[in-house]
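Please look over the model shown below before reading on. The briefing after it goes from the overall fold to individual residues.

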Amino acid sequence: DIAYFHSGYYPVRAAGVSYELPSWGTGQWEWKGRLDWHRQPQGINPPSGELVSWNNKVADGWTSADNDWAVGAGQRVDLIAERAADLHDATPADVVRVVQDAATADLRGERAVTAMLAVLAATPAPSKQLDQLRKSLATWAVAGAHRRDRNDDGFYDDPMVPIVDSLFVPLVNAVFGAGLGDYFNDDHRRPAKLDTTPSLTGSAFSHGWYSLVTTDLRRVAGAEVTPVGAVNFCGGGNLAACSRQLWDTLYSVQQVVPPFLKPTILERIRFIPFLTDAASMRWVNRSTYEQVMSFGSR
């Protein structure tokens, strides 16, 4: 048996209070007690056979903290959840394999790039070079969008790694820059960070615009229904216009990023104290800690 309960003291908000806006301090907008335990996210022996968590949105219909706008359609936990869904009669070694495979995957490649490729398919490639780059990105994404240096030679194995590193922020700009204007370029935007990139501390893709850009591109491409009253941003919601915009973005990145294998030295995980400890390990999207437990029958 497996079970999950999302514990905490959660306030019941007064009617009319927005999760995203300030409220008046005149009394009538104060909390109305604590949410009953039975109404908090929980599950026992789900039909899928697994429970997965990695700093993600807890459950459908459950909000995160009011200052966290990063959860949604493209979350780091998806890297594990999709791989775990393919397990059947799994052994502890199978579970470890899933976690290790997810640890070297690039969330931007699995989510945002995949959504971008669907939009690009709506219009012809402007050149053979861009069409080849599109195919290379698709091959990398389908293979798991991995950031690996398997032979430990100091370079990532796939040349799409530096492309995606240089592509994601311009991609977010292309999708939202025109529609959001000054807000997009303001320090008060939410989420504040566009991208949480791999680094020598290990953790990556925990906060950023991954869900936002993925959702907008999927809606523009018709892969997801746009809710009534919602706005599609890329190309003003026009698929062909959005596609041409993304081809231009891909072209601009291709012009400044030469075809090469990216060095891993700035992303190798270091150990404290940094000044005196020169030891390092190849980058993985590490969790805070990991343990494997297996329960036998009595």
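How many helices and strands does the chain have? The chain has seven helices and four strands, where helices (H or I, at least four residues) and strands (E, at least two) are DSSP runs numbered from the N terminus. This is a predicted model, in which local features need pLDDT of at least 70 and side-chain atom pairs count only at pLDDT 80 or more, while totals for chains, interfaces and linings use all residues. Residues are numbered from 1 along each chain as its sequence is written, and side-chain values use heavy atoms, with hydrogens and water left out.

**Overall fold**

- Along the sequence, the elements of the chain follow the order β-β-α-α-α-α-α-α-α-β-β.
- The chain is as compact as a globular protein of its length, because its radius of gyration is 21 Å, close to the 19 Å that the globule rule gives for 298 residues; the radius is taken over C-alpha atoms, and the rule is 2.2 Å times the number of residues to the power 0.38.
- The C-alpha trace of the chain spans about 60 × 55 × 45 Å along its principal axes.
- Of the contacts in the chain with a separation of 6 or more, 65% are accounted for by residues 24 or more positions apart, contact meaning heavy atoms within 4.5 Å.

**Surface and charge**

- Of the 298 residues of the chain, 34% count as buried, a term that means under 20% relative accessible area (1.4 Å probe, protein chains only).
- The accessible surface of the chain comes to about 17700 Å², of which 56% belongs to carbon and sulfur atoms, with areas from the Shrake-Rupley method and a 1.4 Å probe.
- The chain carries 28 positive and 33 negative charges, whose mean positions are 1 Å apart; Lys and Arg count as positive and Asp and Glu as negative, without His and the chain ends, and the charges are placed at NZ of Lys, CZ of Arg, CG of Asp or CD of Glu.

**Disulfide**

- A search of the whole structure finds one disulfide, defined as a pair of cysteine sulfur atoms within 2.5 Å.
- C234 and C242 form this link with their sulfur atoms 2.0 Å apart, and the link is right-handed, with 95° about the S-S bond.
- C234 is buried, with a relative accessible area of 0%, and C242 is buried, with a relative accessible area of 0%.

**Surroundings of T196**

- T196 is found in the loop between α5 (160-180) and α6 (210-221), and T196 is buried, with a relative accessible area of 11%.
- Leaving aside neighbours within four places in sequence, T196 is in contact with residues including A204, F205, H207 and Y210.
- T196 and H207 are eleven residues apart in sequence, and their C-alpha atoms are 6.0 Å apart in space.

Note on methods. Buried means under 20% relative accessible area, exposed over 50%, partly exposed in between (1.4 Å probe, protein chains only).
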